[in-house]
Amino acid sequence: MSGRIVPRRFPTLIATVLAALVAVLLGPSTASAATWPVIARGDSGAQVTTVQHLLTQHGRTTTADGQFGPGTETQVKAFQSAVGLTADGSVGPLTWPKLVVTVQNGSSGAAVKAAQTQLNRYGYGLAVDGAFGPGTTSAAKDFQSKHGLTADGIVGPNTWNALVGGSGSGGGGGGGTRAQLAASIDANSRISLLTYHVSGIVDNDSTAQANITDTKNGTTAETSNYSDVGETEVWLSTAMLNGMLRLATERGYTFLVTEIAGGDHSSNSNHYKGIAFDADNMSVSNGTFVSACKAYGATEALDEGNHVHCAWE
């Protein structure tokens with residue numbers, strides 16, 4: 001994709017470089033710091049919920065709705081300013097260590113909810129009640145044992161790092177970063193991604209496969225150069241990606257994604273906003289697939305005859 005301008009990918013690149021520097025400076029015992037993810041405005045899911053619980057623990061009450069919107073961004077910036085960090089509003093390798101709170105058996109509060117939310121990403125099925133009791137202790141010890149950590153049941157910096165830095169074991173159904181969701185979609189055998197456009201016009205940088213590949217690599221996706229909006233860059237919605245993935249992992253649907261941001265659609269199409277995808281060759285009827293999209297939060301789900309169109313706000 002030579003010649004593309006991706007102005008918003010630099011914060012992610014800078015965060016990656018900073019993470020590597022932290023690992024080098026602090027030595028092998030904290031090398032896992034390089035795996036702290038970058039969570040920012042537009043993301044959704046369990047990672048965001050974790051951030052929101054932790055912000056609340058630090059006295060910056062934030063609704064734990066799993067949506068990283070302007071309110072959460074404002075609270076992140078306020079927290080960063082308070083602890084002497086650059087207030088850029090994204091939670092990356094410098095913010096996470098300041099944000100996480102060590103919790104253990106007997107602890108209670110929002111930080112425990114954050115730990116329980118993270119453990120549930122790995123399939124532990126805990127009640128997110130903010131009470132660190134025997135069940136949470138057992139789950140923490142099991143997680144630590146499976147990830148090469150001291151199995152003491154204490155969720156401290158190293159355990160937090162392993163929790164939030166991993167992709168979880170639930171196939172992405174409960175959340176994840178934009179890049180993690182895209183990677184899970186690309187690897188899922190039930191989801192096929194078209195490598196050409198249904199229009200027949202060649203623009204390899206904006207196919208469904210190219211859109212997902214770019215996203216899992218941490219960059220924006222591209223609209224088609226022949227579309228109404230021309231060749232532009234958009235971030236794919238994490239709500240849409242999460243819904244797409246859950247259709248396969250939770251409902252067991254097998255389907256082909258024909259277009260995401262690419263292709264030629266109406267001038268005000270949600271495709272161009274990165275919040276819609278078209279699907280074909282479903283293993284179920286179109287009507288059933290439409291209903292499933294709505295169940296996963298789609299605000300627009302249409303049976304177009306030869307494909308289903310689903311979009312999220």
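This is a predicted model: local features need pLDDT of at least 70, side-chain atom pairs count only at pLDDT 80 or more; totals for chains, interfaces and linings use all residues.

Colleague: Let us start with the helix α6. How many residues does α6 have, and what distance does α6 reach from its first C-alpha to its last?

Modeller: The idea is to set the span of a helix against the span expected at 1.5 Å a residue. Helix α6 runs over residues 134–146, which is 13 residues, and it reaches 18 Å, close to the 18 Å expected.

Colleague: Which residues of α6 are buried?

Modeller: They are T136, T137, A139, A140, F143 and Q144. Because these residues cover an arc of only 165° around the axis, they sit on the same side of α6. On the face turned away from that buried side you will find the exposed residues P134, S145 and K146.

Colleague: What do the buried residues of α6 pack against?

Modeller: Their packing partners are α5 (110–121) and α7 (157–165). While you are there, look just after α6: G148 takes a positive phi of about 70°.

Colleague: Now the cores, please. What is the general idea?

Modeller: In soluble globular proteins, nonpolar side chains tend to be buried together. Here the largest nonpolar core has 35 residues. Those with the most contacts inside it are I191, L247, F255, V257, I260, F277 and F289.

Colleague: Which element gives the largest share of this core?

Modeller: That is α10, with seven residues. Several elements each supply at least two residues, among them β1 (191–193), β4 (255–259) and α11 (286–295).

Colleague: Last topic: how many disulfides does a search of the whole structure find?

Modeller: One. To read a disulfide, look at the sulfur atoms and then at what the link joins. The pair is C293 and C310, with sulfur atoms 2.3 Å apart, and the link is right-handed, with 90° about the S-S bond. C293 lies in helix α11 and C310 in strand β7, so the pair ties together parts 17 residues apart in sequence.

Colleague: Are C293 and C310 buried or exposed?

Modeller: Both C293 and C310 are buried.

Conventions:
Residues are numbered from 1 along each chain as its sequence is written. Side-chain values use heavy atoms; hydrogens and water are left out. Helices (H or I, at least four residues) and strands (E, at least two) are DSSP runs, numbered from the N terminus. The expected span of a helix is 1.5 Å times one less than its number of residues. Buried means under 20% relative accessible area, exposed over 50%, partly exposed in between (1.4 Å probe, protein chains only). The arc is that of the directions from the helix axis to the C-beta atoms. Contact means heavy atoms within 4.5 Å. A nonpolar core is a set of buried Ala, Val, Leu, Ile, Met, Phe, Trp, Tyr and Cys residues joined through side-chain atoms within 4.5 Å. A disulfide is a pair of cysteine sulfur atoms within 2.5 Å.
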